[in-house]
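Here are a few notes from my read-through, as promised. Have the viewer open while you go down the list.

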Amino acid sequence: ELGNERDEMQTLIDCMAEGVVAVTDGARILRTNRAARELLDLPEAGSDAPVASIVRDPELRAALEESAIGPISAREIQLGDRHFLLSSRPLDAGGAVSTFLDVSELRRLEHIRRDFVANASHELKTPLTSIRGFAETLVEGDPPEELRAQFVRSIYENAIRMQNLVEDLLDLSRLEAGRWETELQSMPLGPSAGAAWAPSVDRASETAVVLDVVDGDLKVLADPQGLHQIFRNLLENALRHVGEGGTIRIAVTEGGAGFIEIAVSDDGEGIPAESLPRIFERFYRADSARAREVGGTGLGLAIVRHLVVAMGGSVSAESELGRGTTIRFTLPKG
C-alpha cells in the first residue's frame, strides 16, 4: 500500500507543469518530478543524493540548500538564458519542497515591450525635435523667404514621417493582436504590384530606377488590401536602397504544394550577413544612420511578415553586401 501511494504521488507530481524538488533537512534530494529534471537539467539520480553533488549551477545549488533551512518566497533565478520563479515551503517531517515556474517567455515579452517603447519613442522624438526647432525659428525670427520655405518644407516632411510611423504602428498592432481579418480571393499578381508601384513612379524616374515584373499573370489566393501593402512596403524599401539606374524585379514562379513564390529583388547596397536574420524585427535597421537618412519607419518588413503569415504563406530574405537583396514570400495558388 505504501509503495502504491508513493507511485501515485510520483505520477501526480510528474504531471505538474511546474518543477518540483523536495530536499531533506540535510540538503539531500528527496524527490524530483519530470518537469524539474527537464527545466533544471537534473540527472535521473536516486533519492538521498546531496544537492551539491548533482546541481551544477551555483545559484540554484545555493537556493536549494537555503530552502532546507527556511522558506523562500518568490525568488527569481536565471539559468543560462532561462528565468525561473522559485518558491519553497518547509515539510512537517523536516526539509522543504521547492517549486520552479519557468517565466522565460514572460521576461522575453517584457524585454520586447521595453525595446518597443524605447524604439517608438526614439523614432517619434527625432521628427518632433526637427519640427519644434524649425517652428521656433519661424516664430521667433524673420528668416529670408528662401530659408523660410526650406524650414516649412522640413516641417512638412517630418510631419509626414510621423504620420507614416503612427499608421505603421497601428497596422502592426492590429496584426499582432489578431484583429486583421483576411478576405481571400483569387487574383493576379501583376495588377497589384503595378498599383503598389504607381506612387513611386515619379521618384523612381528621377534616379532612372525601373521595375521589371516577370510572370505577373499568375494568380494567388490573397487579401487584396494585404497584398497591396506587401508590395508597397517591399517596393518602397527596395527603392530606398537601390542606386541610380538600378533595377527592381518581381519574379513570380509556381512553387510546390499548391503555392506561388514571389521574389522581390534589387541590385542595391545589400545587407550584411550578420544583420540578415533580424531584418523582420520591428525597428531593426542594418545601417541605422543610412536608413534614417533615406526615410522609412523600420516597420515595413515586420508588417510584411505578419501579412504573409496571416494569408497562409512564409517569407525569407537573401542578400549579399554590395550586390542587392531578395525578399521571397509564398502565397497559396489561386
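1. A word on pairing before we start: two strands count as paired if DSSP finds at least two bridges between them. By that rule strand 1 and strand 2 (residues 28–32) make an antiparallel pair, with 3 bridges. Keep in mind that this is a predicted model.

2. Look at how those two strands connect. Strand 1 and strand 2 make a hairpin with 4 residues between them, and Ala27 in the turn has a positive phi of about 60 degrees. Within the pair, Val23 sits opposite Ile29 of strand 2.

3. Strand 1 has another partner as well: strand 6 (residues 96–102) runs antiparallel to it, joined by 5 bridges. Here Val20 faces Thr99 of strand 6.

4. Is strand 1 (residues 19–23) mostly covered or open? Mostly covered, with 5 of its 5 residues buried.

5. Now for helix 6 (residues 145–176). Its 32 residues reach 46 Å from first C-alpha to last, close to the 46 Å expected at 1.5 Å a residue. Just after helix 6, Gly178 takes a positive phi of about 75 degrees.

6. What does the buried side of helix 6 pack against? Its buried residues, among them Phe151, Asn158, Met162 and Asp168, pack against helix 5 (104–140), helix 9 (224–241) and helix 11 (300–310).

7. Leu165 counts as buried because its relative accessibility is 3%, and the cut-off is under 20%.

Technical notes:
Residues numbered from 1 in each chain as written. Predicted model: local features only at pLDDT ≥ 70, side-chain atom pairs only at ≥ 80, totals over all residues. Heavy atoms only, no water. Expected span 1.5 Å × (residues − 1). Buried < 20%, exposed > 50% of the residue type's maximum accessible area, 1.4 Å probe, protein only. Contact = heavy atoms within 4.5 Å.
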